[in-house]
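Hi everyone, thanks for making time.

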Amino acid sequence: MESPEALRDRLLARFPGVSVELVPNGSPSGQVSLRISPAGLREVARFLRDDAALALDQCSNVTGLDSPDREVVETVKESQPGAPGGPPVVIERKQTRIEPGHLEVVYHLYSVARRHGPVILRARTGNRTDAVTLPSLTPVWRSCEFQEREVFDLYGVVFEGHPDLRRILMWDAFAGHPMRKDYVEPDDYEWEPTPHGEVLAKARRHYPSAAAPGAVQPSP
Amino acid sequence: MSDAPTDASSPGPLSAEERDELRRHGILLTSVQELYNWGRSHSVWPLNFGLACCAIEMIAASMAKFDIARFGSEVFRPSPRQADLIIVSGTVTKKMAPHVVRLWNQMPEPKYCIAMGACAISGGPFKQGYNVLKGIDRFIPVDIYIPGCPPRPEALLHGLVQLQEKIRQQPLRGPDAPRHLRSDLACDATVPELGAEDIEPPFSPELWKPPTLVRPDKA
């Protein structure tokens with residue numbers, strides 16, 4: 001299979017209006033992925049499936065990512081005129097800005113016919129609140145159907161063109177998207193003997209006396 | 001119907017030992033209660049129902065190697081109307097909880113419940129998750145708890161034998177009579193609704209209350 005760089009160049013040449021960005025991967029697997037602009041995602045997917053050299057006929061995995069709004073602290077250097085005749089003085093100033101968050105969907109594509117893969121596609125939504133629509137790839141690969149429903153259920157990405165976009169794991173009346181970083185789960189902690197990590201924090205909040213010596217088993 | 005005490009020292013009814021002695025000589029003396037409970041305890045038909053990996057062990061227990069038929073419980077009924085026993089075998093998610101409770105309500109009395117495995121008892125490894133019921137005893141009165149993750153088929157069979165023992169001990173009259181012989185006890189369990197965040201109510205208050213910590217120095 002061609003290298004990701006070559007694939008990116010081929011896609012850019014084939015689809016002039018679509019942005020294709022190479023996302024590096026520092027892990028040992030080194031699986032480089034391609035970030036596609038949402039508008040051209042379905043055309044690119046159809047091309048990847050139908051291209052004779054690639055023949056990516058199987059979408060094995062669809063998953064989601066949630067990146068909340070991030071506060072970025074940047075150091076800005078400014079040069080100001082110093083003493084008359086002397087060199088300008090460089091002042092470092094820290095400024096914070098909010099980097100808006102987004103949701104991202106990742107598709108892993110393989111070719112059963114040519115026995116290669118994966119080619120990894122990514123697409124980002126505009127934000128996490130109102131611009132959460134992405135084109136569905138279920139019309140291209142039928143195997144995306146349930147997995148896109150899962151991403152819709154747990155992350156709240158709305159897939160345009162999905163034939164049956166309903167929640168799949170949580171019940172229909174459920175509000176919220178549990179895999180989002182800012183999801184707050186129902187406060188129903190119950191006593192347990194050996195809490196640790198986040199559960200320990202919950203235990204301290206619910207049973208403040210449990211941390212003190214002398215605490216014993218709860219009685220019903 | 002005799003629920004008279006079987007005290008060996010009393011001159012009236014025979015003790016269990018004396019009856020066993022008579023049986024060895026071919027004389028069967030029994031009470032309606034004993035006969036009735038003996039029949040019930042050896043034909044406990046479970047509901048053909050499984051939830052997770054514990055169900056695999058339950059299926060193994062029903063197959064030839066472990067052979068639940070030795071204990072009269074091989075007739076897994078596909079309908080709750082014909083079942084005596086619900087084996088809650090596996091993780092009860094909050095989405096599944098109303099359906100499990102509804103199955104329980106559809107079963108006719110006398111009916112029994114076995115909570116099989118850590119998840120059915122307490123939520124198990126998923127206890128602190130947002131989508132798992134922390135034990136089926138919040139909605140259904142559980143008769144036998146079988147710990148394990150999952151319990152082996154032998155453990156399920158042991159639990160079944162314990163349930164049979166419990167059925168054999170049930171008096172037919174008095175305050176300890178089972179639900180189906182009493183008019184003052186409700187048989188229906190509360191079916192929870194699926195709410196926007198959690199199931200409502202999160203537990204049935206008449207069956208279960210949240211634990212409270214007891215500190216002897218503050219008592």
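Predicted model: local features only at pLDDT ≥ 70, side-chain atom pairs only at ≥ 80, totals over all residues.

Let's start with chain B. Reading along its sequence, you get the pattern α-α-α-β-α-β-α-β-α-β-β. That's 6 helices and 5 strands. The C-alpha atoms of chain B fill a box of roughly 65 × 50 × 35 Å along the principal axes. Of its 219 residues, 31% count as buried.

Chain B is divided into two domains: domain 1 covers 13-42, and domain 2 covers 53-169 plus 179-189. Their C-alpha centres lie 29 Å apart. Where they touch, each domain puts in 5 residues. On the domain 1 side, those residues are 1 nonpolar, 3 polar and 1 charged.

Now, the sheet. Strands pair through backbone hydrogen bonds, and they can do that in parallel or antiparallel fashion. In chain B, 3 strands make an open sheet, ordered E1-E2-E3, with parallel pairing. The edges are E1 (85-89) and E3 (144-146) of chain B, each pairing on one side only. From one strand to the next, the twist averages 15 degrees. E2 of chain B, residues 112-116, is joined to E3(B) by 3 bridges. If you want one to find on screen, Ala115(B) has Tyr145(B) as its bridge partner in E3(B). Helix H6 of chain B, residues 153-168, lies across E2 and E3, running at about 165 degrees to E3(B).

So which residues have the most contacts inside the largest nonpolar core? They are Ile86(B), Val88(B), Ile114(B), Ala115(B), Met116(B) and Ile136(B), in a core of 42 residues. Several elements of chain B give two or more residues to this core, including E1, E2, E3 and H6. The largest share, 5 residues, comes from E2(B). Take Val88(B) as an example: leaving out residues up to four places away in sequence, it touches Leu51(B), Val100(B), Cys113(B), Ile114(B), Ala115(B), Met116(B), Ala120(B) and Ile136(B). Apart from that core lies another, of 30 residues, and among them are Leu7(A), Val105(A), Ala123(A) and Val157(A).

That brings us to chain A. Look at strand E6, residues 102-111, where the side chains alternate. Leu103(A), Val105(A), Tyr107(A), Leu109(A) and Ser111(A) point to one face and are buried.

What does E6(A) pair with? There are 9 bridges to strand E3 of chain A, residues 58-67, running antiparallel, and Ser67(A) stands opposite His102(A) there. E6(A) also pairs antiparallel with strand E7 of chain A, residues 116-124, over 7 bridges. In that pair, Val106(A) has Arg122(A) as its partner. The hairpin of E6(A) and E7(A) has 4 residues between the strands, and Arg115(A) takes a positive phi near 55 degrees.

One last pair: strand E4 (residues 70-80) of chain A and E5(A) are antiparallel, with 11 bridges. Val76(A) stands opposite Arg93(A) in E5(A). Is E5(A), residues 89-99, buried or in the open? Of its 11 residues, the number buried is 0, so it lies largely in the open.

Thanks, that's my tour!

Conventions
Residues numbered from 1 in each chain as written. Chains lettered and ligands numbered in written order. Pairing = 2+ DSSP bridges. Axes fitted to C-alpha atoms, helices over the stretch in contact; angles between N-to-C directions. Contact = placed C-beta atoms within 7 Å. Domains from an automatic or database assignment. Nonpolar A, V, L, I, M, F, W, Y, C, P; charged D, E, K, R; others polar. Buried ≥ 20, exposed ≤ 12 C-beta atoms within 10 Å, placed from the backbone. Core = buried A, V, L, I, M, F, W, Y, C linked by C-beta atoms within 7 Å.
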